Each structure stands twice: as C-alpha cells, then as structure tokens.
Amino acid sequence: MSDFSEELKGPVTDDEEVETSVRSGAGMHFPWLQTYVETVAIGGKRKKDFAQTTSACLSFIQEALLKHQWQQAAEYMYSYFQTLEDSDSYKRQAAPEIIWKLGSEILFYHPKSNMETFNTFADRMKNIGVMNYLKISLQHALYLLHHGMLKDAKRNLSEAETWRHGENTSSREILINLIQAYKGLLQYYTWSKKKMELSKLDKDDYAYNAVAQDVFNHSWKTSANISALIKIPGVWDPFVKSYVEMLEFYGDRDGAQEVLTNYAYDEKFPSNPNAHIYLYNFLKRQKAPRSKLISVLKILYQIVPSHKLMLEFHTLLRKSEKEEHRKLGLEVLFGVLDFAGCTKNITAWKYLAKYLKNILMGNHLAWVQEEWNSRKNWWPGFHFSYFWAKSDWKEDTALACEKAFVAGLLLGKGCRYFRYILKQDHQILGKKIKRMKRSVKKYSIVNPRL
Amino acid sequence: MDLEEAEEFKERCTQCAAVSWGLTDEGKYYCTNCHNVTERSQEVTSTDLIPNTQIKALNRGLKKKSNTEKGWDWYVCEGFQYILYQQAEALKNLGVGPELKVLEDNLSQSDWASEPELLSDVSCPPFLESGAESQSDIHTRKPFPISKASQSETSVCSGSLDGVEYSQRKEKGIVKMTVPRTLAFCYLSLLWQREAITLSDLLRFVEENHIPYINAFQHFPEQMKLYGRDRGIFGIESWPDYEDIYKKTIEVGTFLDLPRFPDITEDCYLHPNILCMKYLMEVNLPDEMHSLTCHVVKMTGMGEVDFLTFDPIAKMAKTVKYDVQAVAIIVVVLKLLFLLDDNFEWSLSNLAEKHNEKNKKDKPWFDFRKWYQIMKKAFDEKKQKWEEARAKYLWKSEKPLYYSFIDKPVAYKKREMVVNLQKQFSTLVDSTATAGKKSPSSFQFNWTEEDTDRTCFHGHSLQGVLKEKGQSLLTKNSLYWLSTQKFCRCYCTHVTTYEESNYSLSYQFILNLFSFLLRIKTSLLHEEVSLVEKKLFEKKYSVTRKKSRSKKVRRH
C-alpha cells in the first residue's frame with residue numbers, strides 16, 4: 001500500500017487539496033474506502049484475472065486440505081507457485097509464507113512424499129526472501145523432531161541461530177530466542193539421557209567422572225539457551241520445567257525458586273495455572289512451610305477451582321490452625337464438586353462427608369449454610385437425583401455411601417438419594433449405613449431441632 | 001552506405017534543416033549537408049511490411065546492437081506485428097483461410113503508417129497529458145519518473161526503444177495498439193472473411209491457449225529484450241472481455257475508415273438462422289424450434305443484410321454481436337413457448353410426461369423438466385471443470401519480465417525457483433490425472449442420439465406446446481412478459497440492468513446457461529434479449545401495454 005500512496009502524492013500540485021490518505025486524524029481507518037480509491041486511480045477497472053485466479057486457486061487448495069485430498073492440493077499448489085512472481089509487490093512478499101505453510105502441510109501428509117522431499121522444499125523456501133528464514137527453520141526443525149531426527153533438528157537450529165540478516169525487529173529477536181530455547185530443549189534431552197546413564201554407573205566406576213563432566217557441559221549450554229527465552233513474557237512450560245529440573249539437580253535451589261516465582265507471579269506473563277503447579281510442587285519438594293504452600297495454592301484455587309490439587313489444598317487448610325483457613329477448606333471442597341468432571345471423585349466426597357460432620361459438630365452451621373445457599377437450587381438435581389442414586393450404587397457402592405451421607409446432611413433424611421441408599425441391602429456397608437442414618441438424624445441442617 | 005534506405009528517413013536535420021541523409025558504417029543517419037550524425041539507427045523507418053514473411057527478415061536486419069547484452073533495438077509496434085503474425089498462424093492452424101494473413105498485414109500496414117512518423121521524433125519532448133481520456137488500458141504501476149525521451153534513458157526503462165514514451169502517449173483521436181486490440185484486429189479480419197468463428201469462439205480459443213495472447217511475447221526472437229515499461233504493454237494478466245473487445249473492434253474499424261464489409265447473407269455462418277441452429281443443437285433443444293427462431297428473425301428484421309453487415313463508416317447502429325443476438329433470439333423463443341414464469345413450463349412438462357408414457361412408440365414430446373435436469377447437470381459439471389482449469393492457469397511465462405537490468409538476475413532466479421518447486425511437486429501429482437491438451441472445437445457440449453445416459457432432445461417434437469387452429473399453429477402459451485419495461489436513455493452505454501432476483505428461476509437458469517456458453521456476463525445477454533423484444537413488440541413500447549397477446553406461428 002505504501003508505494004501506492006506515493007503515486008497519489010506524485011502529480012499533485014501544492015494548490016490542490018487532495019486526500020492522499022484515507023485515514024483521518026482521529027485515527028479512523030476505512031479499509032473499504034481504500035479499495036475504492038485504488039479503483040479510481042486505475043480507471044475503475046476490476047482487478048486482474050491473475051489476482052482472481054490465484055485467489056480461486058488458494059481456496060481450492062484450502063478446500064482440498066480440509067478434505068484431506070493431498071493429490072488435488074498438490075495439483076493446485078503447482079499452479080499457485082506463480083504468486084512468487086506476482087507483479088503486485090505486496091502479494092509477492094506475502095507469497096512465500098503462504099506457500100510454506102500450505103506446502104509443508106501437503107508434504108507432511110502426502111503419501112508419496114518423504115523426508116528428502118520435505119527437506120529440499122524447506123531449504124528452497126528458506127532462501128526465498130530474507131524474512132522467512134527463521135520461521136521456516138524453526139518449523140522445519142520441529143518437523144524433524146517429530147520424525148525423531150534429533151541430530152538434524154539440532155543442526156538446523158544451530159544454523160538458524162546465527163542468522164543475522166534482515167531487519168533487527170523485536171519479532172526476529174523472539175524467533176531467535178525461540179530457536180535457542182528449542183536447541184536448549186534438545187540439549188536438555190541429551191543431558192537427561194546422560195543423567196540416566198550416570199545414575200546407573202557406580203561412583204567408583206572409571207567412566208563416572210567423564211560422564212559427569214559431559215553432563216555438566218550440556219547443562220551449562222542448555223541453561224544459556226533457555227534462560228534468554230523465559231525472560232520474555234509467554235507460556236514456556238516445557239522449557240521452564242526442564243530448566244528447573246536441571247537447576248535442582250545441581251543444587252541451585254535459589255535459582256530454581258527465582259525462576260519459578262517469576263514465572264508464576266510476574267504480571268507481564270499471561271496467567272498460567274501450570275506455573276503455580278510447578279511452583280507448588282517445587283516447594284513441596286523443598287518442604288516449605290505450610291503457610292507458603294497455602295498461599296501458592298490459593299492463587300491456583302482462584303484460577304482453576306476444579307484442579308485435583310485442590311484436594312491437597314483442602315488437606316492443608318484442614319490442618320491449619322487459623323479458622324479462616326478451615327472455612328476456606330469447606331469452600332474449596334464445595335468448589336471442586338461443582339464441576340461435572342469431579343462428580344465421581346470418591347476422595348472428594350469422602351472428605352466432604354467427613355468435614356461436614358466435623359464442622360457441624362463444631363457448631364459452624366453458618367459456614368455450611370453460606371456455602372449451601374448458592375447451591376441448594378441445583379445440587380439436588382445435579383448430584384442427588386434418583387437416577388444418580390441408582391447408577392452410583394450400581395457402579396461404586398462406596399461412592400454412593402459417601403454421597404448419601406452428604407445428601408442426608410444437606411437435604412435431610414427425607415431426600416431421595418439418602419432413602420434409596422438406606423433401602424439397599426449390603427453386607428459390608430450395612431453397618432456404615434446405619435451409623436450414617438444416626439448422624440444424619442442428629443446433624444442434618446434441615447433438622448428442625450437446630 | 002545505403003542511400004536508398006536512407007531516403008526513407010524524412011526528418012529535417014536539427015542543424016541545417018535539410019532533408020538529406022546517409023548512413024554511417026554503424027548504421028546511424030548523418031546529414032549529408034552538415035555531417036551531423038544523429039543517434040537514430042537504420043531500422044526505424046521502413047514501413048513496407050506487406051508480406052508477413054518479411055517481418056522475420058526485417059527483424060533480422062536489426063543487427064545494430066548498441067551492446068550485446070541489450071539485444072536489438074526494437075520498437076513497440078514491431079512487437080505488436082509479431083504478435084499479430086503469431087495469431088494469424090494460430091488461426092490458420094484452426095482452419096481459417098490463409099488469406100487472413102495477407103489481410104492482417106494490409107490492415108497493420110495501412111493503419112500504423114502514421115506511427116513511424118510519430119516515433120521518429122524521439123528527440124521531441126513527450127506528448128503532454130492533455131487530460132483527454134486515455135485510449136489505452138495499460139496500467140503501469142512502476143513509479144518511474146516521467147523522463148524526457150532521451151535515447152539512453154528510455155533504453156533503461158524498457159527493452160523496446162519507445163516503451164516509456166509509448167505508454168505515456170495519450171492523445172485524443174489516436175488509437176494506440178495494445179494487446180487486446182490485436183484481438184480486435186483478428187476479429188475484423190475474420191469478419192471480413194466471414195469465417196465461421198464468432199467473437200465468443202475467438203475469445204474462448206484465447207482462454208484455452210489456442211491463440212497466443214497471454215505471454216505472446218515469449219515467442220519474440222531472443223534478441224528482443226523486454227523489460228521496464230514493456231511489462232505494462234505486453235505483459236497482460238487478464239483474459240479478454242467480450243464487451244471490451246467488441247468495443248475495440250468497432251473503434252478500430254472506425255479509426256481505420258474501413259469500407260463496408262462483405263455482406264452477411266442467409267447462407268453465411270454468421271447469419272442468425274444458422275447460428276441459432278448451431279446453438280440449439282449445442283444446448284440440446286429440439287430442431288423444430290429452428291423454424292420459430294427463423295420466424296422471429298424475419299419479424300424483427302434481424303436477418304436483413306443491411307442490419308447484419310458491419311459498416312464502420314456509416315453511422316448506423318453497429319451490431320456485430322452475432323452470437324449474442326442469436327442466443328437472445330433463442331431465449332425469446334423459449335419465452336414464447338414456455339413463458340418461463342416458474343409455473344407454466346412445469347405444467348406443460350407434466351402434460352408431455354403423461355403423453356410420453358402412454359405413447360412410447362411415437363416421437364416423444366419435448367419435456368422441459370427432463371431437459372432442465374439433464375442440462376443442469378451437464379452445465380454444472382462443465383462449469384466446475386472450467387473454474388478448476390482457470391484456477392490452475394499458469395500466467396507467468398518462461399521468459400520473465402523484469403523492471404530493469406538490476407532486477408534481471410532476481411527475476412531469473414525467481415523463475416528458476418518457481419520451476420524447481422513445480423518440478424518437485426509434479427512428482428507428487430498423479431501423471432495420469434493431467435489431461436492432454438484439448439483440441440479446439442466450436443462445440444462445448446455434444447449430444448448424440450445413441451447416448452443412452454443422456455437423452456438427446458434434438459429429435460423431440462414440440463407438439464406438446466403447440467396447438468392447432470385452422471391452418472396455423474398457436475403456442476399453448478398465450479402470455480408473455482417483457483424483460484425490460486423501460487429503456488435507459490442516458491449517456492451510459494447500457495440500456496438496462498439485470499437484477500437477478502426480479503426474474504423467475506427458469507429465466508435465470510437459461511441466462512446463466514447461455515452466458516456461460518458464450519463466456520459473457522448475464523447482464524449483457526439480458527440486454528440483448530430486451531433489445532430483441534423491443535424490435536419484436538414495437539407496438540407494445542409505443543402504445544400502453546397490454547398484458548396478454550397471443551402469438552401466431554405460421555407452419556411452413
């Protein structure tokens with residue numbers, strides 16, 4: 001578009017007022033107006049057939065790819081290559097990327113293509129234009145990784161790392177960091193294999209030192225490569241995990257903690273539950289104090305209340321001395337069971353049953369009522385319907401029991417679920433059920449006595 | 001020193017204003033009076049280009065290379081002559097008479113005789129843009145500065161000697177040669193010969209690559225280098241449009257002051273009677289409809305010699321759209337027979353179907369519904385294939401066009417890259433799937449009686465849609481609706497517009513079918529149908545209209 005606007009400015013004299021740009025001062029942009037202005041300048045002609053047939057070709061390729069018709073896609077691709085010679089410079093510059101993306105897809109899946117074809121294609125596309133080299137190299141390396149050719153992938157990445165042509169834009173920086181990081185990841189993989197070897201060797205073994213040294217060298221390289229990337233805001237789970245593993249192995253706990261804390265708490269990074277999980281696991285390994293663990297998990301609770309770590313969280317809260325923690329513990333349990341994926345989680349139900357009983361015994365009826373108020377409209381149908389009663393009992397009697405207990409406590413002994421379970425005859429659970437009945441009678445929140 | 005040839009150069013010497021030239025050893029002109037040597041070389045001014053064979057010899061005579069890399073010095077009009085030559089060859093291969101070539105040369109000679117004089121004044125400043133409407137359809141995007149035409153600069157910007165200047169020339173009254181106009185030329189020659197190729201056929205052959213048009217410059221001799229502004233002139237990236245070429249034909253004919261063309265009489269291929277028969281066969285309609293089309297032709301006066309023959313000088317309405325007119329007549333006849341209001345034609349089909357079931361031995365009655373089903377299927381298939389072939393069309397030639405010498409290696413490298421990539425992908429493509437080059441044919445659809453899969457309707461009878469009344473036959477349909485109520489009288493070139501949703505689906509289908517056949521826009525066909533109706537129902541337009549009118553058909 002830029003050279004076009006220059007042409008507009010060209011023959012205009014200073015006296016005339018000509019609108020050379022369709023962007024007004026207020027920052028409004030009218031793309032449709034641009035096309036009209038363009039057509040006026042070329043005498044109102046429709047666009048060339050070349051442009052029309054190439055865009056038709058593109059949609060045919062896309063359709064063929066969607067339908068997995070690789071043969072046809074290759075046929076159309078044959079004709080699409082001519083966009084590399086498009087007289088429209090804007091389209092000509094955009095062509096290599098499109099061709100790479102579509103061509104690599106076709107070559108990936110086409111039955112007649114193989115590694116060599118792909119490699120030749122990738123090498124050719126890399127050399128068209130300066131802008132695409134890094135991206136294509138990276139994708140090429142990933143393709144090789146996918147096929148298990150680790151050495152080739154590493155070689156590719158090393159070549160790409162030293163590419164310094166073209167403009168020094170921020171996107172290029174990120175690409176280079178990515179490339180380095182992937183290289184680092186590959187090195188990590190070698191490191192971890194060697195570590196495995198090392199663990200099998202005896203300390204007295206003569207090869208031990210050599211291997212240990214080798215391992216250390218690898219780790220150093222890896223850390224150099226990965227550390228640059230993880231400073232940039234983004235989601236870098238595999239990189240962070242491997243990096244932290246290495247740091248921990250060499251005893252750099254502070255470094256590891258710093259990396260993880262940064263990753264989880266730095267506001268510039270996108271919100272990522274995994275970050276908190278990694279941090280939590282690390283702290284657990286380091287046997288951090290309970291309060292710290294609780295603070296970490298609290299954030300995770302806010303992001304993903306249905307995570308299975310929530311049960312651990314609940315255990316931590318339960319054991320805490322602070323009352324607010326214990327209240328939160330109840331919240332967390334209810335929160336977990338709000339989600340359909342956890343309805344059959346027997347641990348959750350077990351905890352809830354036990355905890356409810358304790359809380360009600362401890363005279364914290366208000367807590368229970370607060371949690372139950374927002375749920376009493378839909379939990380009965382969601383968890384405690386007659387249908388669930390039958391199917392739960394059929395599937396897992398223990399689960400059914402726990403649920404029944406909760407149902408009884410929350411809905412009273414008249415609720416369908418509870419009554420159904422009560423009616424069931426069971427050798428082992430029979431006694432338990434009887435005990436349940438008594439507790440429900442005593443503690444249920446719908447009990448008119450309380 | 002060839003004084004004889006130097007006599008061709010008629011320019012006045014800049015120093016002594018005499019007109020007396022000789023040729024130096026290098027082939028440059030020098031004034032015999034004052035020995036002022038010009039930069040002009042010999043090849044420019046010879047205009048005697050009568051036989052085509054001499055073009056080749058002439059171009060070989062252009063041996064005065066300024067430097068080996070640049071190749072020959074050549075002018076844009078020579079390039080066009082080359083293209084015309086190639087097109088004439090191609091037409092000859094298609095079966096057109098060999099007189100065509102001579103005709104083309106005569107045309108090209110007579111018309112552009114004025115050109116060299118204009119060209120010879122290279123040292124003059126270029127023609128300023130007078131604000132006149134541009135006669136050319138060249139679109140040059142390259143933002144080269146508008147240079148004063150000095151020899152060295154023009155040679156940088158274009159391979160031809162006058163590429164830059166040529167593309168800037170925008171004088172009123174001058175018709176510049178462009179690649180689409182070469183087709184106009186071809187058509188004029190065909191018309192003069194009254195060959196059996198209509199304009200739509202010609203354009204279809206161009207699209208199917210039987211006639212050089214896109215990348216015609218590929219076959220220029222090696223030494224004629226094209227770059228810079230030549231791209232805009234010779235590097236066409238669109239197929240010719242019917243209306244566009246039609247207008248240009250008229251324009252060129254008028255510009256050249258051509259006399260009245262040979263008469264188009266009833267036995268000529270281009271006469272509507274014959275063309276209607278051809279199209280009826282192609283669209284699988286019964287032969288009996290032909291008598292109706294002849295009748296309509298007679299009633300509207302469209303079969304008159306004066307109406308049909310092209311006469312550029314006379315200010316008469318210039319109607320050389322023979323194919324569109326023939327098809328329009330067929331549409332009108334279909335409307336007369338079937339009304340095409342999404343209702344009547346189907347009830348007629350019901351009747352025909354019932355009759356055909358009962359009387360299997362007789363000649364079957366034409367069943368519109370059956371015809372529609374078969375035609376729709378065939379049409380959809382053909383259209384799909386056509387669209388796919390168009391999407392796969394390769395525009396770029398082996399001879400890449402580039403901006404300047406600096407770009408040349410880049411352009412060639414790109415070309416090489418593309419060829420390599422194509423080679424790589426061609427191994428993935430199943431070789432049996434690629435169809436061989438189809439031989440050109442005038443018919444796009446073929447129907448035969450023997451084909452049991454697809455019914456051939458040629459022999460079917462129209463009895464189902466006609467009824468007897470005394471000596472003559474009447475159509476069962478007594479209604480008619482006009483495609484256009486009012487014609488536009490303003491200065492735009494169109495007399496009516498076509499808004500699809502206003503018309504019945506059957507009508508839309510018929511229009512789509514025929515427009516695809518001729519590769520024209522449906523609005524163009526609709527316009528022609530309206531014009532035919534205007535002639536047919538003249539009284540209707542001049543008097544307040546009545547809705548229903550019975551149409552009498554005389555049986556011959």
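The expected span of a helix is taken as 1.5 Å times one less than its number of residues. In this predicted model, helix α15 of chain B, residues 322-338, can be compared with that rule. Its 17 residues should span 24 Å, and its end C-alpha atoms are 24 Å apart, so the helix agrees with expectation. The helix α15(B) is mostly covered, with 17 of its 17 residues buried. Just after α15(B), the residue Leu339(B) has a positive phi of about 65 degrees.

Chain A has 450 residues, of which 43% count as buried. The secondary structure of chain A consists of 23 helices and 0 strands. Among the contacts in chain A with a separation of 6 or more, 59% come from residues 24 or more positions apart.

Chain A and chain B share an interface in which 38 residues of chain A are in contact with 35 residues of chain B. The two chains bury about 3,700 Å² between them, and 60% of this area is on carbon and sulfur atoms. Tyr78(A), Glu85(A) and Arg124(A) supply 18% of the area that chain A buries against chain B, more than any other three residues. Polar contacts across this interface involve 18 residue pairs, with both residues at pLDDT 80 or more. On the side of chain A that touches chain B, the elements giving two or more residues are α3 (49-66), α4 (70-80), α5 (89-109) and α6 (115-126) of chain A. The residues on that side of chain A comprise 16 nonpolar, 12 polar and 10 charged.

Over all chains, the whole structure holds 33 salt bridges. In chain A, the side chains of Asp338(A) and Arg375(A) form a salt bridge at 2.7 Å, N to O. Asp338(A) lies in the loop between α16 (323-337) and α17 (346-361), and Arg375(A) in the loop between α18 (365-373) and α19 (379-383), so the pair ties together parts of chain A that are 37 residues apart in sequence. Arg375(A) is buried, with a relative accessible area of 9%.

In chain B, a salt bridge joins the side chains of Glu251(B) and Arg181(B) at 3.1 Å, N to O. This pair links distant parts of the chain, with Glu251(B) in helix α11 (residues 242-255) and Arg181(B) in helix α8 (residues 179-193), 70 residues apart. Glu251(B) is partly exposed at a relative accessible area of 28%, whereas Arg181(B) is buried at 2%. Arg390(B) and Glu207(B) also form a salt bridge, with their closest N and O atoms 3.6 Å apart. Arg390(B) belongs to helix α17 (residues 368-391) of chain B and Glu207(B) to helix α9 (residues 199-207) of chain B, so this pair ties together parts that are 183 residues apart in sequence. Relative accessibility is 16% for Arg390(B), which counts as buried, and 15% for Glu207(B), which is likewise counted as buried.

A further residue of chain B, His458(B), lies in the loop between α18 (408-426) and β4 (466-469). His458(B) is buried, with a relative accessible area of 11%. Leaving out residues up to four places away in sequence, His458(B) touches several residues, including Leu280(B), Met281(B), Trp447(B) and Glu449(B). His458(B) and Leu280(B) are 178 residues apart in sequence, and their C-alpha atoms are 8.4 Å apart. A polar atom of the His458(B) side chain lies 2.9 Å from the backbone oxygen of Met281(B).

Notes. Residues are numbered from 1 along each chain as its sequence is written. Chains are lettered from A and ligands numbered from 1 in the order in which they are written. Side-chain values use heavy atoms; hydrogens and water are left out. Contact means heavy atoms within 4.5 Å. Buried area is the accessible area (1.4 Å probe) that two parts lose on being put together, summed over both. A polar contact is a pair of N or O atoms within 3.5 Å; within protein, one must be able to donate a hydrogen and the other to accept it, and residues adjacent in sequence count only if both atoms are side-chain atoms. Helices (H or I, at least four residues) and strands (E, at least two) are DSSP runs, numbered from the N terminus. Ala, Val, Leu, Ile, Met, Phe, Trp, Tyr, Cys and Pro count as nonpolar, Asp, Glu, Lys and Arg as charged, and the others, Gly among them, as polar. Buried means under 20% relative accessible area, exposed over 50%, partly exposed in between (1.4 Å probe, protein chains only). A salt bridge is a side-chain nitrogen of Lys or Arg within 4 Å of a carboxyl oxygen of Asp or Glu.
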